[in-house]
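Hi,

Here is the structure I promised to pass on to you. Have a look at it first, and then read my notes below.

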Amino acid sequence: MDLFNSALGKNITFVRPAYFIVRGFIGIPNVEYYYIFLLFVYIVSVLGNTSVMALIYLDHNLRTAKYVAVFNLAFVDLLGSTVLVPKVIDIFLFNHYNVPYNECLTFLFFCFTCLSMQALNLVVLCYDRLVAIMFPLHYQVRVTPKIMLSIILFSWLFVIAAVLIAVGLLTRLSFCDSLVINSYFCDHGPIYKLACNDNTPNLIIGNLLIAIILWIPLVIIMSSYVCIGQTLIRISTPQERVKAFKTCTAHLSLVAIYFIPILITFTMRANIHPNARIINLSLTSVFPPMLNPIIYVLQTQEIRASLRKLFKIRRQSRVIWK
């Protein structure tokens, strides 16, 4: 089977439509209120992630390897929400359901890149916790800002390459019949299923990316926490165990919020109703970016201390000016 027919010099004409039609929810009255809700969540997400990024940038005590990963997570959350929500609002609240072909593929690329990068960033944060608890004496050597930046850069390059392959395979599809995408954005699965020529390569890359970017990161994270749990059991006092475990609670919360709804969606696949798929994917896309800053502020001692210091400096400056 030829994966890229056009690359082999064959005289094949692909039928590429001028636009796709993004359907959204099916048969739900007053659905515009849901998109207004997404807009509210987006605004909170922008404020929260911008604040976390600014705090890490301004406080030199947060210029550590761990907060390099936290900064990247906030950046990915901010970028992903900004790519998705304003376009969804434009489509469904302003009735611009027809999305041009090239614009749709670009929309797909950025949405899936950010969604995939969130999963890999959780693996990076897991690596930080694993080394900190299992090898505390080697932490300063094994987890440096330079090493963390290298891991994050590799993750970005890997995700971009993987999503580009998926998008490239979509360009070899012909669309002869329906152009209606049964999703709330230019979704990979609903698009390639509309094709009237062989879409087997798209099915393969879709399943492969689900395994590489969702299942494998989840297995790595769960395996890491099994190792962390075994290490905590060997710690002498219960107080030390609780103290060490508390450093993992923020990360575990992020893992649960991200993976549970998206794994339900991609595990059920064809058995999930289009409306349920839309709800699961949209909440996975907007809720973690909104909750991640809140979780890190509430559960991370360094960020709380940095906030208190920042507010103290502001109060002192106000007193001086008065």
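Axes here are lines fitted to C-alpha atoms, for helices over the stretch in contact, and angles run from 0 to 180 degrees between N-to-C directions. Helices (H or I, at least four residues) and strands (E, at least two) are DSSP runs, numbered from the N terminus. This is a predicted model, in which local features need pLDDT of at least 70 and side-chain atom pairs count only at pLDDT 80 or more, while totals for chains, interfaces and linings use all residues. Residues are numbered from 1 along each chain as its sequence is written, and side-chain values use heavy atoms, with hydrogens and water left out.

Let's start with a helix pair. The axes of helix 5 (residues 145–170) and helix 7 (residues 200–234) come within 9 Å and cross at roughly 160 degrees. Angles over 145 degrees count as roughly antiparallel, under 35 as roughly parallel, 65 to 115 as roughly perpendicular and the rest as oblique, so helix 5 and helix 7 are roughly antiparallel. Residues in contact (heavy atoms within 4.5 Å) include Phe-158 and Leu-169 of helix 5, and Ile-205 and Leu-209 of helix 7.

Now for the strands, which pair if DSSP finds at least two bridges between them. An open sheet of 3 strands has the order 2-1-3, with mixed pairing. Its edge strands are strand 2 (98–100) and strand 3 (180–181), each pairing on one side only. Strand 1 (residues 19–22) runs antiparallel to strand 2, joined to it by 3 bridges; Ile-21 has Asn-98 of strand 2 as its bridge partner.

Enjoy exploring!
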